[in-house]
Amino acid sequence: MFAQLNSPLQVEAMTQALLEQAIAQSCRALIGKQQQIKLALTCLLANGHLLIEDLPGMGKTTLSHSIAKVLGMQYARIQFTSDLLPADMLGISIFDNQQQQFHFHPGPIFSQLVLADEINRASPKTQSALLEAMEERQVSMDGQTRALPSPFFVIGTQNPLHQAGTYPLPESQLDRFLMRIQLGYPDKEAEKAMLQQPVNGDKLILETVMSCEQFIKAQQEAMQVHASEAVLNYIVRLVTFSRESQQFANPLSPRASKALLSAARGWAFINKRDYVLPEDIQAILPAVAEHRLRSASTDIAAQGSLSKILLEAVDPLVN
Amino acid sequence: MQWSVKFWQRETTKSENLPRPIQAKNPAHLFLAAILIVFTVTLYEQVIAWISLLVVCAVVIRSAIFFAYQKHLPSMRTLNLLAILSTLGLLYSAWSLGFLLGMINLLVLACALKLMQMRSQRDFYQLIVSTLFLLGCGFIFNQSISMTIVYSVLTLMIIVALGFFHAPSLSLGQQTRQLGLLSLQALPIGLLLFLLLPQLPPLWQTPRAKTAESGLAEKITPGDIARLSQSSALAFRATFADGSPNHASRYWRTIVMEDFDGRSWQVHPVRKQQRLLFQSMQQEFNPVLSGPYRDYDIIAEATQQSWLPALDLATPLGAKSQSEIWQSNDFQLISLQPLVSKYQYSVRSFIAAMPYQVLSQFDRELNLSVPKTGNPRTQTWIQDLRTLYPQDTVFTQALLDYFAGQGFSYTLRPSAMFIDPVDTFLFDTRAGFCSHFASALAYSLRLAGIPARLVTGYQGGELSTKVNQADYISVYQYDAHAWVEAWFAETGWRRFDPTALVAPDRINFGLRQAMQEEGSFLADSPFSLARLTNIAVFNQLRLWLADVDYNWSRWVLGFDRQKQQDLFKAIVGKLTPQRLALLGLGIVSIIALLLLLFFLPHWLAGRVSGPQRFYLDALHALSKVGFSRPPWQGPQDFNDTVAQQFSAEIKQPFAQLTALYLHSYYAKTSSAEKETSQTERVTRQMKQHLRKLKRGLRQVKP
Amino acid sequence: MQMLQQSFHRWLDKRIPAADNFALNHKTIFIFPAKFGWLYLALCTLLFLLGTNYQNNLMLLLCYFLLAVFLVSLMASYSNFAKLTVSIGKIHQVYVNDDVQIPLWLNAKQNSSTFSAAMHGRISAQFMGLSSGIDVDCDQLTNPVALPLPCKKRGWHALPRLTLSSLYPLGLFRCWTHLAFHSRVLVYPLPLVNNLSPQHRQAAGHDAQHAHKHSHDPSLQHDFSHLKAYQTGESLRHVAWKQVAKGRGMVSKQFTGQQQQVTWLELDTTVELELAISRLCFQVLELSRFNHVFGFVLGSYVLDPDSGESHRLNCLQALASYPNIAMVAN
């Protein structure tokens, strides 16, 4: 009886330890960005796609690359350019002369973790093809539906809007990314540590910490994390506030509230808890909600801190 | 340049203050329809047939609209026409009905029409109020427990209908739950008001319903009581606080008949006139009262008559009974109001006071008059007998001996006697019912010059004794009986019951025993519970029902000023104005308290309980020393800030409190059985930590 | 009468000051027997008289029970109504004579967990001083509830007090409240169809005939100057589609004439003020529709030539609040 009761907990603890290792490993590649790495992992645990938005050279690619490596996922990178066609990404059917039939050559999207680099450089047509694949987790071509591998994650990176020569993602499409994070500049200490790192040849060698199967299991366990009624009420009050307040032009949709909950579960799981706390929601809310909200006022300065406004308006304790 | 033209302008809509229309498909309407039809059924005797038919029509129309078989209400013009026609019809038939029934029929009619026509909120409310009023009126006619239950259900249905009207999209279950709770809350308050608000005497004379009289008649032709003996309906119940008389001496005098026409006995018209005269002069008859007596209460069923049964020489007891009951010169109790519903009164009976009464000349003449002609054989027989026994008592004994010795038999199925009935009975058939015997005896005594009269009433009754309640006797219609009273100079009025000579079982055990051989007891109603006394289960059921009905009549229907005052006395002791004022104050505060009690949970619902309360208390304590949580901060984050700010005495208990709070409020709760003990433990621990925290904080304060 | 009303409003302002959202409580709720409540009390009296006269205890019991129901329903209707929380959502701008739909967010559930904690029954909502309102069924609530408010005058208007009332559970008591909200409604002037008046054409410095004819596509009259990265909000007419096709990204054509071809909109002082403002409003709307660049002068308030959504809104706001344009800045 005792053993039975304990065994799931032990398994959970094991998975959590593995995740901790994964975070530690990734941190080696991206010094001083533990918070972002944890958020990224949370996003994957919640089975959502991640959008990283920052200036070039901040480590967007490194982050995704190291996550793929650590989690042992099959990894592909697609560099989005304005002349990238959907077929370049999805794959193409080529007529095989010898066998007298069409052969499908899968594109880079048929990978478990796809880095869609500089997603806002691609033409809207290619963007929409990618977003469709993200949503459906399958690709329809030539009247045939091909399932994408499982797990399937897209980490999109995007340059901020004011960069020249970009096609900004429409707001409706932004919703498909569970989280949007910004990496930001490292602090002085971290930057120094990064510079001090010994360079073995060209690349830092990262260990693969967990297998894909283990990660899927971790996902399942994370979604079992208990969310009490108080937490659900808190989410509802946050979302309702965004709808009732005059400060937001785009309020949070029901999809956003679902995203909040699953991300909070993932965050709690990474923090080795089997229940969600208001702090979990507060931690992931900027990443989950910021890109979904739009300020009602035209003042640009207000745009960056919408989730802060939202957080500070709602008391997590009051019911 | 072509400017596209847009129509910005919009007509503004003007709304008028029309009565607010109502939805056609509200369950409230169906409820009202059901209520009306059930109510009409319960008053099937009082409501005129064609009005009942109109009610059915209204219900059909409403239901058709509700179930969408029909889209439109009948037009206003049709309804107005219908209203005029039926009012005329009612005026025509109401002539014979009297005021009360006329009003009730009018109300039922109005409700039916309203149900057909109901379009606006106001119509609905009017219909609700009229239906409630009708329900109240229904209690005039129906007071039994079963009917009270039916009417209570109807009242609840009206409340539910109101609920549906104001919250149309709640389900029936939710509706009944909400409003049932509300009614349950209202019930104790209503009862309290009923028990403790002063019962007032009637404020003015109220119109009475004209309905068929029941029970004993003012005129009997021998054989009539045989009809009554086929009824197992209750006549009255008498409660004896200290011991009841035995079966043989329970002669419930009800109607004294002094006028005999050779066939029938009836209340003497002269006696009636005399009573009216005395009543107008306020000269009540005062019999000479002495000797042992017995006090008891009687609850009489509605008879629509004024005669009240009582034992021996009875006088009304208590202010209420004295003011409502008239003592007649023939030692009879007469209610000033006909008994339209159950009536309770208190009586004191003097068992041995009869010899002390005087016989006036008027009474003597009344009780000696016999028709000159008819029954020739009896006349000659009495003349012969009288010459043999000139002494009154001896003569009477001889007469009784004749009844005892000449092969008379007691039967519920006497043969018809049309010509000279006394002759036929005495010398030919010699079989009859109590009235035959009594009639023959009284007639014979009168012929012999002894003042005599026929008394009808009830004999016997079923005694019910229980440990915790006073003895009571239920008297049914089949206990109806007739006997004779004769006047002798030495003994005054004496009771003679010839039936007792022929069928002693009738007097000692009741009709059931007496009729065992003949098998004629309640022969017309084979399934009556009273007939099935041989089967133990049925008999018990019957007795139990009688018991319930008795208590209902005595304590609910019979709750009057007297009982209320007894209650007050039981509560406050002596009835002084101050104490009564205090009592009034007490009632008001109890009602207020009850109301508060009912709604405390609602107000507490907004408040927090359990672990959260302790946590919030802790937060409050911290804010008192100037360290409050930013309103958006989560508990764990706040704990971290507290840990940075305060010393161990404060931060440790607070950390414990936070941990317990988080655990109980956010973590997955374990299985249900553990839960209660665990909550208790958590509560205890939190209490401890809170105390520690407060102690720590006290040191912080300057 | 007027005095009475004024002092009533003053008293209300003190008792229920304006706020952003309300959770109804003993301070904000008024409760009084409804008409039906009085009728019901009359019925109770009648039953009492009848019951006393007939000495009928059951009738008296019914009467007292109904009285008790009356008492209990006082508490029930109060505690039901006190579960309501109200706030006002985003108010859109409207033109004069339109009804603005005021979005009410009614929350009828206290804890959302138990049935008894939820508010039931219908609420009728209306603005104080207006005869019409709407009925909301709390058991079938979909937020927000739109409550129309007719707008007769341009400018910033404070919302009238919102009156919410409920008769639940039995209609014996009416619970109501008059709530004041901080929200304001901006009503734009009514656009009145007219042509561009002469002074505008002069201000534009161009042949009126010419301007009119080609006002649909200003680019036709001007010479191409250079390409520039496309910005959201720019007319699609200006996009250099050829460049796009070559995969050089979205670029838009810029024209030399564009900067000079500026229309200045001004108030026509020759006609009545409201009429002039209405006409000006129409001009603003029309020019914005075709993405004209235009400047805007209204009294001392000057907006530099521009085009686009925010420019249009600024103009309309100025028009709505004229002559108190200062309020816009706040």
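Analyst: Start with one pair in chain A. A:Glu135 and A:Arg176 form a salt bridge, and their closest N and O atoms are 3.7 Å apart. The two residues are 41 residues apart, so this pair links distant parts of the chain. A:Glu135 sits in helix H5 (residues 124–136) of chain A. A:Arg176 sits in the loop between helix H6 (171–174) and strand E9 (177–181) of chain A. Keep in mind that this is a predicted model.

How open to the outside are these two? A:Glu135 has a relative accessible area of 40%, so it counts as partly exposed. A:Arg176 has 26% relative accessibility, so A:Arg176 is partly exposed as well. The cut-offs explain the label: buried means under 20%, and exposed means over 50%.

Now move to a pair that crosses between chains. B:Arg629 and A:Asp315 meet through their side chains in a salt bridge, at 2.8 Å from N to O. B:Arg629 lies in the loop between helix H22 (610–624) and helix H23 (635–645) of chain B, while A:Asp315 lies in the segment after helix H13 (306–313) of chain A, so the pair joins two chains. B:Arg629 has 15% relative accessibility, so it counts as buried. A:Asp315 has a relative accessible area of 16%, and therefore A:Asp315 is buried too.

Why can such pairs form at all? Side chains of opposite charge can pair when their charged atoms come close.

Chain B has salt bridges of its own. B:Asp123 forms one with B:Lys114, with the closest N and O atoms 3.2 Å apart. Both B:Asp123 and B:Lys114 are buried. Chain B also holds a network, in which salt bridges with shared partners join B:Arg253, B:Glu258, B:Arg271, B:Asp330, B:Asp363, B:Arg453 and B:Glu485. Over all chains, the structure holds 30 salt bridges.

Next, look at where chain B meets chain A. The contact takes 18 residues from chain B and 19 residues from chain A. About 1600 Å² is buried between chain B and chain A, and carbon and sulfur atoms give 56% of that area. Three residues stand out: B:Trp632, B:Tyr666 and B:Lys668 supply 44% of the area that chain B buries against chain A, more than any other three residues. The count between chain B and chain A is 1 salt bridge. There are also 4 residue pairs in polar contact across this interface. On the side of chain B that touches chain A, two or more residues come from each of H22, H23 and helix H24 (648–665) of chain B. H22(B) gives the most, with 4 residues. By class, this side of chain B has 11 nonpolar, 4 polar and 3 charged residues.

Finally, turn to chain B and chain C. Here 75 residues of chain B are in contact with 71 residues of chain C. The area buried between chain B and chain C is about 6600 Å², with 69% from carbon and sulfur atoms. The salt bridge count between chain B and chain C is 0. The polar contact count for chain B and chain C is 11 residue pairs. Helices that give two or more residues to the side of chain B that touches chain C include helix H5 (121–141) and helix H6 (145–166) of chain B. The largest share of that side, 15 residues, comes from H7(B). Sorted by class, the side of chain B that touches chain C has 45 nonpolar, 25 polar and 5 charged residues.

Notes: Residues are numbered from 1 along each chain as its sequence is written. Chains are lettered from A and ligands numbered from 1 in the order in which they are written. This is a predicted model: local features need pLDDT of at least 70, side-chain atom pairs count only at pLDDT 80 or more; totals for chains, interfaces and linings use all residues. Side-chain values use heavy atoms; hydrogens and water are left out. A salt bridge is a side-chain nitrogen of Lys or Arg within 4 Å of a carboxyl oxygen of Asp or Glu. Buried means under 20% relative accessible area, exposed over 50%, partly exposed in between (1.4 Å probe, protein chains only). Contact means heavy atoms within 4.5 Å. Buried area is the accessible area (1.4 Å probe) that two parts lose on being put together, summed over both. A polar contact is a pair of N or O atoms within 3.5 Å; within protein, one must be able to donate a hydrogen and the other to accept it, and residues adjacent in sequence count only if both atoms are side-chain atoms. Ala, Val, Leu, Ile, Met, Phe, Trp, Tyr, Cys and Pro count as nonpolar, Asp, Glu, Lys and Arg as charged, and the others, Gly among them, as polar.
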